[in-house]
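Please find below a note on the model under review. The points proceed from the whole chain to single elements.

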Amino acid sequence: MRKTLILLALFISLIALWLGIGGFPIVLHHSDNTVFPAAQADETVVNPLKDIDVNDAKVFLILASDDWSERPEGMPARHVLVCTNAEVLQQLKDNFSFEISGGDLATVESELWVYSHDTLVLMTNIVIEQNQIGIQNEQTGWAEAVNKDQLCRLFAQFKPYRWPRVALR
């Protein structure tokens, strides 16, 4: 009986530790293709969230390990962040404008996944640093954020994803 109680206490302690530090969930990708609303040929500034309903949305930010040291101040140091707050997502939608540079940035490893009504509506690579925010994908190439400071404040409001695995499809 004593052995069982010790094992149970150890198991509960490990679960509490996992939840307390945010863990490092296993991210399962079910799509190899970028999902990005088509930009008009003459557009120099795009907002891929402009036509997305954020009232029933969920945004995942999957940070590459190399990006943690450069993340904006106040942003949690976790592998996966998530936001479901409709007010924050509306502000994100209003400020998610990017100027297309015409170039490419090869080392973009972090990703942003946006779901609306349980449907993947945006998937793009993203750089989030204190001095730079930008997206990289097949449709736009490299594009820099127009409202970098506001986006930094919004990404700082994302919460650590606390489950051991996340399946993005």
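**Note on the predicted model**

1. Of the contacts in the chain with a separation of 6 or more, 72% are between residues 24 or more positions apart; a contact means heavy atoms within 4.5 Å. This is a predicted model, in which local features need pLDDT of at least 70 and side-chain atom pairs count only at pLDDT 80 or more, while totals for chains, interfaces and linings use all residues. Residues are numbered from 1 along each chain as its sequence is written, and side-chain values use heavy atoms, with hydrogens and water left out.

2. The chain has three helices and eleven strands, taken as DSSP runs numbered from the N terminus (helices H or I, at least four residues; strands E, at least two). Buried residues make up 41% of the 169 residues, where buried means under 20% relative accessible area with a 1.4 Å probe, protein chains only.

3. Strand β6 (residues 110-116) has seven of its seven residues buried. Ser110, Leu112, Val114 and Ser116 lie on one side, and Glu111, Trp113 and Tyr115 on the other.

4. β6 pairs in the antiparallel sense with strand β3 (residues 57-62) over six bridges; pairing requires at least two bridges found by DSSP. Leu61 has Leu112 as its bridge partner. β6 also pairs with β7 (residues 119-129), again antiparallel, over seven bridges, and Glu111 is bridged to Asn125. The β6-β7 hairpin has two residues between the strands, and His117 in the turn has a positive phi of about 55 degrees.

5. In helix α3 (residues 148-155), Leu151, Cys152, Leu154 and Phe155 are buried. Seen down the axis, the buried residues of α3 fall within an arc of 165 degrees, so they line one face of the helix; the arc is that of the directions from the helix axis to the C-beta atoms.

How values were computed. Buried < 20%, exposed > 50% of the residue type's maximum accessible area, 1.4 Å probe, protein only.
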